Amino acid sequence: MDEVLNHDIEHDNPKRQLLRLLRILTSFYSYRELERRLNIPENTLWKYYSLKVMPEKETAVKLLKKIEESGLLDSIIKDLARDKGYETILSGNIGIYELISYMISNTVRNMKIGKVFALPDNYSAIIASLIAMDNRLKLCLSDQNIVLIDSICHTVVVNNRPVSICYSKECLDKKHKSIVVGLMYSTSFVTEIYRFLSKYKQRVVGFYFMFGNGVKEPVIQGVEDVEKPFIKIFFNGSNI
C-alpha cells in the first residue's frame with residue numbers, strides 16, 4: 001500500500017494529517033510501541049496527540065514521511081488479516097474505520113472525485129461518510145429501511161437473496177467521477193452495481209471493499225479495459 005501517503009503532504013495540512021495519523025496509530029499501538037517503531041520519544045508523540053505541543057510544519061512533514069517509511073499502516077492491515085475474522089475486525093476497534101477511510105482518501109484526493117457511493121450496509125456507510133467529510137464529497141447512502149420518494153432502486157441477488165440498492169435522484173442526476181465503498185466483494189455484485197450506476201451516467205473509477213473471500217483477481221464482467229474501474233480489497237485472506 002505504498003500509495004497510502006504518496007500524495008504531496010507538504011501541500012496538504014501536515015499538522016492535521018499528523019494528528020489524524022496519531023489517532024489511528026494509537027488505536028492499535030501503545031505510545032511505547034510507537035516509540036520503538038518510529039524512534040520518536042513516546043512523550044513527544046503524546047504531547048503532539050494531546051495538543052500540548054504543536055510541531056512546526058517541517059517537523060510534521062518529516063514525521064509523516066517517517067511513518068510512511070515505517071510501514072506501520074501496512075502492518076496493521078496484515079496483522080488483522082492474519083489474526084482476526086471479519087466479525088472481530090468490524091466490531092473490535094473503531095480505529096479500523098478511520099484507517100480504511102484514511103487510506104482511501106489519500107488514494108483518491110487528486111483524482112477529482114465528486115461523489116462517494118456507499119453500498120447498503122452500516123459499515124460501508126461509516127467509511128463512506130468519513131471519506132466524504134475528509135474530501136468534501138457528495139455522500140450517497142443506500143438504506144433499505146429508508147427509501148425516499150425520489151429514490152431510484154435496483155435489486156440484485158447476493159448469496160441467493162435479493163438486495164435492494166436505492167439512491168436518491170439527487171445522487172444520480174449529474175454525471176460525476178465517483179467511487180463506491182462496500183463490505184464484501186463478489187463479481188456478480190460489483191458488476192450489477194457498476195451497470196446500475198453507469199445507466200445513470202455515473203463514472204465509477206474505483207471500488208473499495210473491506211473483504212474479498214480470497215478472490216485472486218477481482219473483476220467487473222463485460223466492461224472494456226479502457227473503461228474498467230480499479231477494485232481494491234483490504235482484507236482478502238483465506239481466514240477472513
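Let's start with confidence: this is a predicted model, and the chain averages a pLDDT of 85, with 87% of the residues scoring at least 70. Among the elements, strand β1, residues 115-118, has the highest mean pLDDT, at 96, while helix α6, residues 86-92, has the lowest, at 70. Please also look at residues 1-11, where pLDDT stays under 50. For that stretch, the model has 34 contacts beyond four places in sequence.

Now, on to the cysteines. How many disulfides does the structure hold? There are two.

Let's take C140 and C171 to begin with. A disulfide joins them, with an S to S distance of 2.2 Å. If you trace the chain, you'll find C140 in strand β2, residues 138-140, and C171 in helix α9, residues 169-172. The two cysteines are 31 residues apart, and the pair links distant parts of the chain. Is this disulfide left-handed or right-handed? The torsion about the S-S bond of C140 and C171 is about -105°, so the disulfide is left-handed.

C153 has a relative accessible area of 42%, which makes C153 partly exposed. C166, at 7%, is buried, because buried means under 20%.

If you number the bonded cysteines of the chain in sequence order, the pairing is 1-4, 2-3.

Last stop: a pair of helices. Two packed helices are described by the angle between their axes and the distance between the axes. Helix α1, residues 14-25, packs with helix α4, residues 57-70, at an angle of about 40°, and their axes are 9 Å apart. How do we describe that arrangement? α1 and α4 are oblique to each other, because an angle under 35 degrees would count as roughly parallel. Their crossing is left-handed.

Which residues meet there? On the α1 side they are P14, K15, Q17, L18, L21 and L25. On the α4 side, look for K57, A60, V61, L63, L64 and I67.

Definitions and conventions
Residues numbered from 1 in each chain as written. Predicted model: local features only at pLDDT ≥ 70, side-chain atom pairs only at ≥ 80, totals over all residues. Heavy atoms only, no water. pLDDT = per-residue confidence, 0-100. Helix = DSSP H or I, 4+ residues; strand = E, 2+ residues; numbered from the N terminus. Contact = heavy atoms within 4.5 Å. Disulfide = S-S within 2.5 Å. Buried < 20%, exposed > 50% of the residue type's maximum accessible area, 1.4 Å probe, protein only. Axes fitted to C-alpha atoms, helices over the stretch in contact; angles between N-to-C directions. Parallel < 35°, antiparallel > 145°, perpendicular 65-115°, else oblique. Left-handed = near helix turned anticlockwise from the far one by under 90°.
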